[in-house]
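Reader: Can you walk me through this one? I'd like the fold, the core and the side-chain pairs.

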Amino acid sequence: MSTPAPAAALQNRVHKLLNSRAELEATKALLRTIVSNESSPATSIVKMDASGASTLATLRRSLRSSLEHQQLALAELALDNLNATIERISKLASEVDALDMKCDQVHKYLETTKRDTEQVQTEAATLATERDKAQQECKEARNFLNRYQLTDEEVRTLYAEQIADEDVEDYFSTLERVKQIKADCKELFATGEVNCGLELLDTLGKYQEAGFKRLYQWTAKKCTEVDGDTCNSLHRAIALLSDHTEFYKYSGFNSILC
């Protein structure tokens, strides 16, 4: 005998409710890993009441609402982090711009320094050339003076009041050098340096005149002291005086040499 229709409908309704209840319990068990009750709300996504009387629809609405709030919170956090990142990027961009400006300044400074350095190098090369030229001229002038001019010591030797026997050889050497310088002056005339040659000859003539006077006095004194053979110094003095006629011709020194 078949079950009446109202009884079958009631049975189906009961089964549906039981299945809904089972589905609800399974969903609760599944969500326990991500939900908490009121005792730990800080870490929960979906809050459940202690009685466990929430229906599946209520859980779904609560889960959706909680997820939306979490998404909103995460979006706000991401936005805050993005704003902080943008601010740091802006600050970094400002620092890069400042650094780029400094680099431009350094580059301009280096360019200016390079131009100044090149100018200094050019001036240094010019000065070096002028220095070498001046050194060469100084060397030539020094060589000229060494060849055509007596030293201060040699001039003092010629103008000494008396000729000491121990200094007579230096005296002879100085007079011989005067004679050599006068001979070298001929080269100045040959090169066209006539005025310079005449001035040198005039100065050397005065030195030679003073030297011959003192040599004449020394020779005359030594001749009066001759007793026997004459010394080599006396022979050399008379030979030097022989180049100066006014001291030699009337002195009678040639008789001593004979």
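Reader: How many helices and strands are in the protein?

Author: There are 8 helices and 2 strands. Both are DSSP runs, numbered from the N terminus: helices are H or I with at least four residues, strands are E with at least two. This is a predicted model, where local features need pLDDT of at least 70 and side-chain atom pairs count only at pLDDT 80 or more, while totals for chains, interfaces and linings use all residues. Residues are numbered from 1 along each chain as its sequence is written, and side-chain values use heavy atoms, with hydrogens and water left out.

Reader: In what order do the elements run from the N terminus on?

Author: The order is α-β-β-α-α-α-α-α-α-α.

Reader: What share of the residues is buried?

Author: Buried residues are 20% of the 258 in the protein. Buried means under 20% relative accessible area, exposed means over 50%, and partly exposed is in between (1.4 Å probe, protein chains only).

Reader: And how much accessible surface is there?

Author: About 19000 Å², with 55% of that belonging to carbon and sulfur atoms. The areas come from the Shrake-Rupley method with a 1.4 Å probe, and for residues only the protein chains shown count as cover.

Reader: Core next. How many residues does the largest nonpolar core have?

Author: The largest nonpolar core has 22 residues. Such a core is a set of buried Ala, Val, Leu, Ile, Met, Phe, Trp, Tyr and Cys residues joined through side-chain atoms within 4.5 Å. Leu150, Leu158, Phe172, Leu215 and Trp218 have the most contacts inside the core.

Reader: Which helices supply at least two residues each?

Author: Helix H3 (152-158), H4, H5 and helix H6 (232-241). H4 gives the most, with 8 residues.

Reader: What is leucine 158 in contact with, leaving aside neighbours within four places in sequence?

Author: Its partners are Leu150, Tyr171, Thr174, Leu175, Val178, Tyr207, Ala210, Gly211 and Arg214. Contact means heavy atoms within 4.5 Å.

Reader: Of the contacts with a separation of 6 or more, what share is between residues 24 or more positions apart?

Author: That share is 58%.

Reader: Switching to rings. How many aromatic pairs are there?

Author: A search of the whole structure finds 3. Rings of Phe, Tyr and Trp (its six-membered ring) pair if their centres lie within 6.5 Å; planes under 30 degrees apart are stacked, over 60 edge-to-face, and the rest tilted. One of the pairs is phenylalanine 144 with tyrosine 148: the centres are 4.6 Å apart and the planes at 35°, so this pair is tilted.

Reader: Where do phenylalanine 144 and tyrosine 148 lie?

Author: Both are in helix H2 (residues 56-148), 4 residues apart, which is about one turn of the helix. Phenylalanine 144 is partly exposed at 28% relative accessibility. Tyrosine 148 is buried, at 6%.

Reader: What about phenylalanine 172 and tryptophan 218: why is that pair edge-to-face?

Author: Because the planes are at 80°, with the ring centres 6.2 Å apart. The pair links distant parts of the chain, with phenylalanine 172 in helix H4 (residues 168-190) and tryptophan 218 in helix H5 (residues 194-224), 46 residues apart.

Reader: Are phenylalanine 172 and tryptophan 218 buried or exposed?

Author: Phenylalanine 172 is buried, with a relative accessible area of 0%. Tryptophan 218 is buried too, at 7%.

Reader: Charges now. How many salt bridges does the structure hold?

Author: The structure holds 9. A salt bridge here is a side-chain nitrogen of Lys or Arg within 4 Å of a carboxyl oxygen of Asp or Glu. Among them, glutamate 154 meets arginine 177 at 3.0 Å, N to O. That pair links distant parts of the chain, helix H3 to helix H4, 23 residues apart. Glutamate 154 is buried, with a relative accessible area of 17%.

Reader: Which residue does glutamate 176 form a salt bridge with?

Author: Arginine 236, with the closest N and O atoms 3.0 Å apart. The bridge joins helix H4 to helix H6, across 60 residues. Glutamate 176 is partly exposed at 34% relative accessibility, and arginine 236 is partly exposed at 27%.

Reader: Which residues do shared partners join into one network?

Author: Arg147, Asp184 and Glu187 are joined by salt bridges that share partners.
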